[in-house]
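Student: I have just opened this entry and would like to know what the labels rest on. Could you take me through them?

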Amino acid sequence: MTEISELGDIFADLGRSDSANIAYGMWIDGERYFVKGVRRGRAGSDAAVGELRNAVRVARRVSHPAMPQLEQVLASTTGPILVYRWVDGDLLGVRGLAHWRFRELPATDVLSALDTIYEVQALLAADGWIAVDFYDGSLIYDFATGRVSVIDFDLYRCGPFVNEMGRMYGSSRFMAPEEFELGAGIDQRTTVFVLGRTALVFLSDGTLQRHEFRGSDGLYDVVSRACRPDPVDRAPTVADFHAAWLAARIG
């Protein structure tokens with residue numbers, strides 16, 4: 001068994017105090033890593049163990065340069081310890097200054113980041129994964145290099161499923177209507193909605209007002225279809241959404 005304290009030196013505490021998880025930036029053998037595990041004795045720790053194991057499944061099945069590389073999975077007395085390669089940049093969650101700085105970048109830079117985000121989600125969807133709890137806090141952006149990274153796949157689900165929670169995990173700024181409805185079906189059309197909302201958050205003011213959207217008419221049409229309330233009116237798969245996005249980008 002290994003404890004996080006034995007791995008190296010902590011240089012950043014990245015965990016939330018109200019979470020069952022602990023997360024650190026650590027120096028290990030002269031390199032920086034992101035290390036995540038389960039908080040001892042915290043309510044919800046059993047669920048957190050399952051979520052970390054789910055993140056391992058995602059990392060072992062899908063890889064992309066914008067997904068942090070999982071280097072090791074270690075056993076501890078509280079559950080698995082996940083050791084990822086460190087990613088430079090700032091979280092784009094709305095509570096941080098980086099969120100607003102990112103939104104003020106030239107539209108070409110934001111579009112480039114969205115291209116990468118959608119490419120990652122298309123790969124995940126092709127392997128059967130439905131995005132759950134994806135929002136701006138799942139993104140890291142390096143302003144020096146223009147590189148975006150997609151993180152935190154703990155709650156992703158493989159294959160269509162039924163909403164058994166009512167309000168699911170996530171940010172209401174990104175979530176689809178069915179993520180609030182007990183018994184509703186959750187599938188790739190749900191992910192499509194979330195991806196459409198991502199464009200509206202970063203390229204607009206969060207609304208579908210055309211004059212606020214910093215993109216072409218073609219991109220606006222793709223995004224507005226993705227954000228339709230009824231899932232049957234959206235692109236049926238992430239692959240379809242991604243193809244339409246790329247076609248509009250070229251056009």
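Student: Why is W86 called partly exposed, rather than buried or exposed?

Tutor: The relative accessibility of W86 is 24%. Buried means under 20% relative accessible area, exposed means over 50%, and partly exposed is in between, with a 1.4 Å probe and protein chains only. W86, at 24%, therefore counts as partly exposed. A word on the source: this is a predicted model, in which local features need pLDDT of at least 70, side-chain atom pairs count only at pLDDT 80 or more, and totals for chains, interfaces and linings use all residues. Residues are numbered from 1 along each chain as its sequence is written, and side-chain values use heavy atoms, with hydrogens and water left out.

Student: And why does F11 count as partly exposed?

Tutor: F11 has 34% relative accessibility, so it counts as partly exposed.

Student: What makes V192 buried?

Tutor: Its relative accessible area is 0%, so V192 is buried. Among the residues that V192 touches are A226, V238 and F241, leaving aside those up to four places away in sequence; contact means heavy atoms within 4.5 Å.

Student: How many aromatic pairs are there?

Tutor: The structure holds 11 aromatic pairs. Rings of Phe, Tyr and Trp (its six-membered ring) pair if their centres lie within 6.5 Å; planes under 30 degrees apart are stacked, over 60 edge-to-face, and the rest tilted.

Student: What makes F11 and W86 an edge-to-face pair?

Tutor: Their centres are 5.1 Å apart and their planes are at 70 degrees, which gives an aromatic pair of the edge-to-face kind. F11 belongs to strand β1 (residues 9–13) and W86 to the loop between β5 (79–85) and β6 (90–91), 75 residues apart. Strands (E, at least two residues) and helices (H or I, at least four) are DSSP runs, numbered from the N terminus.

Student: What makes F102 and Y141 edge-to-face?

Tutor: Here the figures are 4.8 Å centre to centre and 65 degrees between the planes, an edge-to-face pair. F102 is in helix α2 (residues 97–103) and Y141 in strand β8 (residues 139–142). Both F102 and Y141 are buried, and together with F143 and F202 they form one aromatic cluster.

Student: How do you know that the charged end of R101 sits over the ring of F143?

Tutor: The distance from the ring centre of F143 is 3.9 Å. The rule asks for NZ of Lys or CZ of Arg within 6 Å of the ring centre and within 35 degrees of the ring normal. R157 also lies over a ring face, that of F161, at 4.0 Å from the centre.
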